[in-house]
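I keep these notes as I go through a structure that is new to me. Each entry says what I looked up and what I found.

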Amino acid sequence: MVTGGAGFIGSALCRHLVRSDAEVLNIDKLTYAANLKSLDPVAARPNYAFREADICDNAALAEAFEDFRPDAVMHLAAESHVDRSITGSAAFIDTNIVGTYRLLEAARAYWQVMPSEKAERFRFLQVSTDEVYGSLGEDGAFSEETPYNPSSPYSSSKAAADHLAVAWYRTYGLPTLVSNCSNNYGPYHFPEKLVPLVIIKALEGKPIAVYGDGSNVRDWLHVEDHVRALELVVERGRPGRKYNIGSRSESTNLNLVKMACRILDEVHPEGAPHQRLIEFVADRPGHDQRYAIDSSVVEREIGWRSEETLESGLRRTVAWYLDNRDWWEPLRGVYRGERLGLIEPTVAS
C-alpha cells in the first residue's frame, strides 16, 4: 500500500514497484499536486490498483486495509511545499500530522489481527525529509542521531509525523521505520518546485527567481535513486530505526540553476544563454542555509547507494521535460509559476 502515490515521489515509487512485479494499491486524495497521468506507464498493469481516498478518513482506510491486505505500508501522502506551508499551514497540520495518526491507527488495527507469521513481516514506512533537522553550518552532515530542529510549518508537521511513527513502535510494537531524504528531483515533478520550475521558466524565456543570494545548499537526490532505497528499507530495515537517504551531491541553489541553464544551452539552444534569465528575489522566511545527509547507515546496513550524479541526473531531467510537454504544459493552468510563501506585511491600525 502506497499513500500519496499520485504525487511526485509516490508515483515514482508506484512505477518502480509495479515494474518489479509487486502488487500495489495506490491511495491518494488527488489534491492540486497529484496527477494520475504520472501513473500512465503502469496504470493498465494487473498488479496496480488506485483508490481515491483521504488518509484522514477512518472508514476509507479500514476498508482499504480489509480489501487489499497489504504486507507493507509506504506512507508518502503529505502536503510538501514549504512556501505553501508559510501562508496555508492548516492543510499541513491536517494531512501530515492528523492523517499520519489515522493511518498508523488503521495499520495497527489491521496488524493486530494478522496471522503471526505475516505480522512479523509487516512493515510501516514513514517517508520523511531532511528538513526536520533544521539548518547546518558550513561543515558536517545530518545523521540518524541529529536532533530535530524544524524551521517551517512544513518541516514541523513532518517532524511530528516522524515522532508519531516512532512512538507507535515503542508503545504498541507496530513495526515502523522512518526514512529522511534530501531534496528530490526528476521526471513528473510538479512545477512549483525548484528544478522543474527552472527548466520550464527557461523554456518559456521567463525570469528564473533565485531566493536571496542563492547560497543555500542542498543535497540533490534523483527520485529514481530514492525509490530504490525505499524498497530496500522496507525489505531490509529494522523496525524502530531511522534511515537517512542522500546522494552526496551538495550544491548551492545558484550553482544548480546555472548547471540547468548550461545543460539547456546545449540541448535547447533557442533562448541561450539561459543564465541571463536569473533574477535574485527576496529570500524565503525562515530559509535554512544548508542541508547535507550522511547516508553511511543506509549504505552499510541496507546495501544502497545513489547511482546518479547531479550532472547526470539533471541532464536526464532536462531531457524528460523537453520530451514531455504534454505532461507539464496543462499544469500551467493550475500553477502559473508565481511566487509563493510571501508573508503580507502587518498594517498598523
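Across which strands does helix α6 lie? I find that α6 (residues 153–172) lies across β5 and β6, and that it runs at about 155 degrees to β5. I note at the outset that this is a predicted model.

Entry on the other helix over β5. I looked up α4 (residues 90–112), which lies across β1, β4, β5 and β6. Its angle to β5 is about 165 degrees.

Entry on the sheet. I read the strand order as β3-β2-β1-β4-β5-β6-β10, seven strands in an open sheet with parallel pairing. The edges are β3 (48–52) and β10 (242–245); each has a single partner strand, so one side of each has no neighbour in the sheet.

Entry on helix α2. Which residues of α2 are buried? I list A60, L61, A64 and F65 for this helix, which spans residues 58–68. Seen down the axis, the buried residues fall within an arc of 130 degrees, so they line one face of α2. I recall that an α-helix has 3.6 residues a turn, so residues three or four places apart point the same way. The cover over the buried residues of α2 includes β2, β3, β4 and α4. On the face turned away from the buried side I find A59 and E66, which are exposed.

Entry on the ends of α2. At its start, a side-chain oxygen of D57 comes to within 3.1 Å of the backbone nitrogen of A59. Just after the helix, R69 has a positive phi of about 50 degrees.

Entry on charged pairs. How many salt bridges does the structure hold? I get 23. R51, E63 and D67 are linked in a network of them.

I looked at E307 and R228, a salt bridge with its closest N and O atoms 3.7 Å apart. E307 is in the loop between α10 and α11 while R228 is in helix α8, so the pair ties together parts 79 residues apart in sequence. E307 is exposed, at 63% relative accessible area.

R316 and E308 also meet in a salt bridge, at 2.6 Å from N to O. Is E308 buried or exposed? I find E308 buried because its relative accessible area is 16%, under the 20% limit. R316 is partly exposed at 39%.

Last, I noted the salt bridge of K206 and E204, 3.6 Å from N to O. K206 counts as partly exposed at 37% relative accessibility, and E204 counts as partly exposed at 30%.

Notes: Residues numbered from 1 in each chain as written. Predicted model: local features only at pLDDT ≥ 70, side-chain atom pairs only at ≥ 80, totals over all residues. Heavy atoms only, no water. Pairing = 2+ DSSP bridges. Helix = DSSP H or I, 4+ residues; strand = E, 2+ residues; numbered from the N terminus. Contact = heavy atoms within 4.5 Å. Axes fitted to C-alpha atoms, helices over the stretch in contact; angles between N-to-C directions. Buried < 20%, exposed > 50% of the residue type's maximum accessible area, 1.4 Å probe, protein only. Arc of directions from axis to C-beta. Polar contact = N/O pair within 3.5 Å; in protein donor to acceptor, adjacent residues only side chain to side chain. Salt bridge = Lys/Arg side-chain N within 4 Å of Asp/Glu carboxyl O.
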